[in-house]
Amino acid sequence: MITYPKVWFAAAAVALSFNFAGARDDGLLGLPALDVPSDNPITKEKVVLGERLFNDTRFSSTGKISCATCHSPAKAFTDSPLKTSKGINDLTGTRNSPTVLNSAFNLTQFWDGRSPTLENQSLHPFVNSVEMGLKDHAPIIETIRNDPAYVEAFKKAFNGIDQGKISMTEVTRAIAAFERTLIDGDSRFDRWYYKGEPTLTANEIKGFQVFIGNGRCVSCHAVEHTSALFTDHKFHNIGVGINRIPGKDLAQMAQEFLRAKYNREEVDEKVLKNPLASDLGRFAVTLEMTDMGGFKTSTLRNIDLTAPYMHDGSLKTLDEVVEHYNRGGASSDKEPINPYLSGGIRPLNLTTAEKKNLVAFMKTLTSGKHLKK
Amino acid sequence: MSRNSRRDFLKNAALLGVATLPMSLVRLSFAKSGDDFTFAYISDSHIQHIKGNQFVRNWDMGLKRAVAEANLLVPKPDFVVYGGDLAQLGTKAELDHGAEIMSALKYKTHYVMGEHDYYLDLGAYWEKLFGPQWHSFDHKGVHFIVLNSVLTHHHWTYERWPTAERRMAEMSGLDNPNGSPFMVGEKQREWLKNDLAKVPKSTPIVVFSHSPLQKIFKGWNFWTDDAEQVQAILKPFQRVSVIYGHVHQIQYNQIGNISFHSVMATAWPWPYPQSYALAESHLPVLTVPMNRADPFFERDATGWQFMNVKTGRVDLTYQLPNNTTRTVAFNAKTGKPGDIAYQEKTKRIPPQDHY
C-alpha cells in the first residue's frame, strides 16, 4: 500500500483546539486532515482544469452529458430530486447520485465501494452505457488533444506535458484534484460542537442526543472528537433494495457469483447486467456473503439538500428515512426483514418528538461554501 | 485494499479456495475428486421465548441468516448438521420456532442435542421433531456418529429438583455450584462400541457432540466427565475428528489420534471481547461476561465455518464478521490441528481494552 503524506488544512488545527481565537474562517471546521496522494498534488492550474473537464459535455456520446449533469453544483453536487440518475438519452441508472462534496474523504468510491480512489472513479461513468455512453476513452483524449485551450491547460497543470502524451491518467488526476477542493465543513452543527457557539436550537440539540443515543445513528455515521465525516466507510445491509429481489432470483444470482468464485472464473456479463443484481450491493464486489445487500454508509453533511435518499433513492424525505430505521430495516409495516440485515439494525421505538428532533438535527449539517444558487 | 476490485478479489479467492458462510461448511476430499463432498454446520442459536409470539429478535436473526446463507452455498453441501442448543429453555414454543426457521433449509439435517434443548423434558419433544438422540450414518466413505453428550448423573436428573423448569434453569447457568458435569454415559458408550465394531479401522470417523469430548473447563461444562472412556473407544481408528458446539468460541486440540474442533454460535460469542486477551493462557478461564456498552454489531464474534475433511481430517475455515478469515487445518508435520497462518504477536489484532 502506498502511504500518502498528510496535508493538514487549517480546519484541522481549528478543530483540535476550538478555543483557538481568530481561527481562519476557511469553511473547513469539523473536517479531518485530507489525505492527498503524493503522485497527484493539488495545484491551482490542475483544479481549474479539473473543473473544466468536470463540466464539459463533449465527453459523452451525445455531447449533452457531463459529470455535472448528475453532480450539479446547483444541487449540492447531486441531481436531486431525481430518484436515480438520468444519463445518456434520458436512460436511468439504478443508483441515486451521491454528492461529490466531501467525497475526497471517502475510503472507497461508488455506493458499493468498487473503486478505491477518486482518480479511478472518474474513469467509469464516461464508458457506462446509461451514463455518458462512450465505447472507450479514446474520444476524450482526441477532443482534448485537438483543443488548443485544453492542450495549454494540461501543459500548465502537468509539467509542460506534450500534446501527444496527454492520457486518461492526467484527465482523471485533474478531475480528482478539483474534487479534493470540494470539501465543506463549518455547518451550524460544527460551530456548536467544535467551537461551542450557540448555533443550535434546543430541539436540534435534543435531536443530536437521539443521534448518539436511542437512535444509534452515530454507530455508523461517525462523529469524532475533533472532526465528523458522519460515515464509518463501511458497508451495511439496512433493508433497502434487497427486498425488491424475489427470493428465487436472489438465490440464483448469488449462486452464479459464488460459482464463479469457486471455479475462479469471472462472473458472467449477463448476471452483472441484470438490473436486479444492482441491489446485491457490496456482495457483487467482494463475493462475501457478509456483504449481501450492503451499501456504503453515506455522509450526512448537506443531507437536507440531497433528497431523495438511500442507494436507490427510494426514500423521499428524511422523515421516511427515520421511519425506516425505526422499524428496524423496513420501508413499510408490510415489508419483511431480510435475513442478511446488518447486525446493527434493529427496531428503535423512538417517540414522535425524538423522530422530529432527529430530522431537525440533520438539517443543521448544511454547509454552503461550494453551493451555487 | 484487495477488496476494491472484483478482479483483485478473485485473485485472492484463488488462494483461499472455498469461501465464506454463516455456518460451518465441511468439505471431505479424497484421492478421487469425484468422492469429495461438503457439509454445513450451524450451532447454538438459543432461540428464546419471551411471551406470546415474541422471541428474542437477535437470536432469531442469527439463525435466519445462517439458514439463508447455507441455502446459497456453492458447492451445495450434501447435508447440514445442527450442533445443539436450538432452544434456550427447551420449551415446545422455542423448539417449534427454531424448527420453523430451520425448515427453510433445503438440505437433509442431522440434529445434535444440547443441554438447553434437553433438561426441561429430557429430550421428549426434541425427539419428536428431530429424531433419535444418538445415531450413526455412513456417507461417501466416512462414518458419522451423533452423540448426546449432555447427560448427567441419574440422581441429579431424576431426583434432585422439584420441577423440570428448575432442573432446566440450574443446568443452563454457568459457574453454578448446583450444576452437574456432562457425560455420554454407560448406555451410550456401549452403543458406540457396538456401532463401531463393524467399521474398518481405516474408515475416517467424524463424531458430532454438543459438549467437547475432552476436559477444558468444568465450571462452564466445557467438559465431558467420561471423555477419556469415549476417547478410548475411538482410539483404534486411524483418523478421528470430533466436532462440538456449546463453547461459542473457536477451539481446537489434538489428543492422540483424535482432532477436536469447536464450531461458533449463531447467537452470541462467549465471552466478548476479553477472549483475545486470554488467548495465551492454556485454560480458558474466561470469567469476564460480555460487556460491550452497546453491542451494536450483533453478529460480531458469532458465525459459522467451512469444514474441509481432507483425507478424512477436518479442516475448518472460520468466517469472522469484521475480521480476517482464519483456517485451522490438520498439520501433518506436528500431528495436530493448527492455524495455517499462525501470527506472530506483533501482527495480531490487539484486544479491545476500553469500552
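**Salt bridges in a predicted model**

The side chains of A:Arg191 and A:Glu197 meet in a salt bridge, with 3.3 Å from N to O. The model is predicted. Over all chains, a search of the whole structure finds 23 salt bridges. The points below cover some of them, grouped by the residues involved.

**Around A:Arg191**

- A:Arg191 also forms a salt bridge with A:Asp186, where the closest N and O atoms are 3.1 Å apart.
- A:Asp186 has a relative accessible area of 18%, and it counts as buried because the cut-off for that class is under 20%.
- A:Glu197, the partner of A:Arg191 in the 3.3 Å salt bridge, is partly exposed, at 25% relative accessibility.

**Between helix 14 and helix 15**

- A salt bridge links A:Glu323 and A:Lys355, and its closest N and O atoms are 3.0 Å apart.
- A:Glu323 belongs to helix 14 of chain A (residues 318-326) and A:Lys355 to helix 15 of chain A (residues 352-362), so this pair ties together parts that are 32 residues apart in sequence.
- The relative accessibility of A:Glu323 is 28%, which means that this residue counts as partly exposed.
- A:Lys355, in contrast, counts as buried, at 16% relative accessibility.

**A network of shared partners**

- A:Arg52, A:Asp56, A:Arg58 and A:Asp147 are joined into one network by salt bridges that share partners.

Terms used:
Residues numbered from 1 in each chain as written. Chains lettered and ligands numbered in written order. Predicted model: local features only at pLDDT ≥ 70, side-chain atom pairs only at ≥ 80, totals over all residues. Heavy atoms only, no water. Salt bridge = Lys/Arg side-chain N within 4 Å of Asp/Glu carboxyl O. Buried < 20%, exposed > 50% of the residue type's maximum accessible area, 1.4 Å probe, protein only. Helix = DSSP H or I, 4+ residues; strand = E, 2+ residues; numbered from the N terminus.
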